[in-house]
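Here is a short tour of a ligand site and the pocket around it. Have the model open as you read, and we will go from contacts to backbone details.

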Amino acid sequence: MFKGILIDKTEHGYTAGVRDIDDAALPDGNVTVRVAYSTLNYKDALAITGQSPVVRKFPMVPGIDLAGTVESSDHADYKTGDTVVLNGWGVGETHWGGLAQRARLNGDWLVPLPEAFTPAQAMAIGTAGYTAMLCVLALERHGITPDKGEVLVTGASGGVGSVAVAVLSKLGYRVVAVTGRPQEADYLSQLGAAQVLDRTAFNAPGKALAKERWAGAVDTVGSHTLANICASTQYRGVVTACGLAGGMDLPASVAPFILRGVTLAGIDSVMCPRPDRLQAWARLATDLDLGKLTLITHQISLAEAIPTAQKLLDGQVRGRVVVDVNA
Ligand code: NDP
């Protein structure tokens with residue numbers, strides 16, 4: 001038996017609780033992992049609260065991320081005792097996930113735990129941090145170097161945003177952070193933001209084209225915010241879009257794309273090919289300051305993950321949350 005969060009949907013409604021689960025109930029897979037830490041991402045919060053149809057099969061163990069030790073393996077690349085990390089691939093949505101003490105997975109989904117990180121640090125990064133790095137890599141791929149100008153980060157006090165601010169500032173970019181929490185301005189400055197702006201300047205309907213300011217952007221918010229960022233991005237600037245914290249719509253015009261050659265780069269972490277994942281993790285090992293990661297992160301127990309999920313969706317959680325599944 002092992003402990004895990006189990007989500008169920010029956011005629012009595014949607015439930016999520018910590019349960020004792022029989023090993024025999026684990027799904028098929030060729031690697032069994034003893035989980036040390038998981039984390040709470042935006043998507044995990046949606047799954048636990050049932051606020052959005054993230055979970056596609058019931059009952060489901062949520063948790064799109066895990067770090068732990070291989071207990072048994074029929075996969076050529078992994079043996080008992082190896083430390084591994086998993087992000088995405090539909091885990092926690094269609095396949096039982098990381099918010100439990102044990103997981104059985106397809107070994108192709110795993111990456112070795114980078115030497116630079118402990119399992120807890122890898123989960124402090126988690127999908128949010130690895131997605132932030134995918135955004136940074138996309139900016140670089142499109143030629144946005146620090147000399148090109150300012151880079152905007154929205155949802156900056158959240159998980160993706162906090163890691164993006166920390167990494168971009170370490171790389172020498174002048175980072176402008178957008179937040180709805182002015183009380184977090186000092187935190188964002190400590191992470192490396194050169195300026196902090198209020199989100200109200202971005203989230204109302206705006207013009208098709210505005211004054212050119214941003215060389216690049218990491219947007220976690222979507223909707224009017226993303227449209228306004230595109231409208232105020234410099235000639236040949238790049239906007240990476242990874243989130244929908246403000247809405248799934250995109251009420252934009254084509255003007256920034258056809259008149260200023262702006263690139264809108266979509267970022268997906270879930271099905272991201274393995275070479276790109278390995279590159280993102282390797283870059284996190286060199287370009288994320290571990291002192292800043294400590295500032296970004298706090299730790300909770302498995303049972304605390306349930307009430308924390310609603311707080312995260314209510315915008316009351318700063319940075320990243322690591323879940324000690326054995327606490
Ligand atoms: P968090 O909840 O940690 O951060 C989201 C932040 O967005 C909040 O902290 C808040 O920041 C801001 N925010 C919240 N609500 C609103 C709103 N209504 N309008 C404007 N800003 C708002 O989530 P994550 O960082 O984990 O994820 C951020 C987004 O990125 C989510 O939409 C998530 O689904 C998406 N995502 C996508 C991935 C992909 O593969 N494409 C992978 C990981 C995440 P503040 O208080 O500073 O304004």
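How far is an oxygen atom of the ligand from an N or O atom in the side chain of S157? The distance is 2.9 Å. Before going on, please note that this is a predicted model, in which local features need pLDDT of at least 70, side-chain atom pairs count only at pLDDT 80 or more, and totals for chains, interfaces and linings use all residues. Residues are numbered from 1 along each chain as its sequence is written, and side-chain values use heavy atoms, with hydrogens and water left out.

| Side chain | Distance to a ligand oxygen atom |
|---|---|
| S157 | 2.9 Å |
| R181 | 2.7 Å |
| R199 | 2.9 Å |

On its own the ligand exposes 920 Å², and the protein buries 86% of that; such accessible areas come from the Shrake-Rupley method with a 1.4 Å probe. Around the ligand there are 24 residues, with V160, T179, G180, R181 and S269 coming nearest; a residue is near if one of its heavy atoms lies within 4 Å. This shell divides into nine nonpolar, twelve polar and three charged residues, where Asp, Glu, Lys and Arg count as charged and Gly is among the polar ones. Two or more shell residues come from each of α2 (119–141) and α3 (159–170); helices (H or I, at least four residues) and strands (E, at least two) are DSSP runs numbered from the N terminus.

Now for the space itself. The ligand takes up the largest pocket, meaning that more than half of its atoms lie within 2 Å of the grid points. A pocket is an open set of points on a 1 Å grid over the protein atoms alone, where a 1.4 Å probe fits, with protein on both sides within 12 Å along at least five of seven lines; lining residues have an atom within 4 Å of a point. About 1,200 Å³ of space lies in the largest pocket, a volume filled by probe spheres set on the points. Its lining has 48 residues, and Y42, T220, G243, L244 and A245 lie nearest the centre. By class, the lining holds 21 nonpolar, 20 polar and seven charged residues. Elements that each supply at least two lining residues include α1 (42–49), β9 (175–179) and α9 (305–313).

The peptide bond from F58 to P59 is cis, with omega near -10°, and P59 is in the loop between α1 and β4 (65–73). W89, not a glycine, has a positive phi of about 60°.

Technical notes. A polar contact is a pair of N or O atoms within 3.5 Å; within protein, one must be able to donate a hydrogen and the other to accept it, and residues adjacent in sequence count only if both atoms are side-chain atoms.
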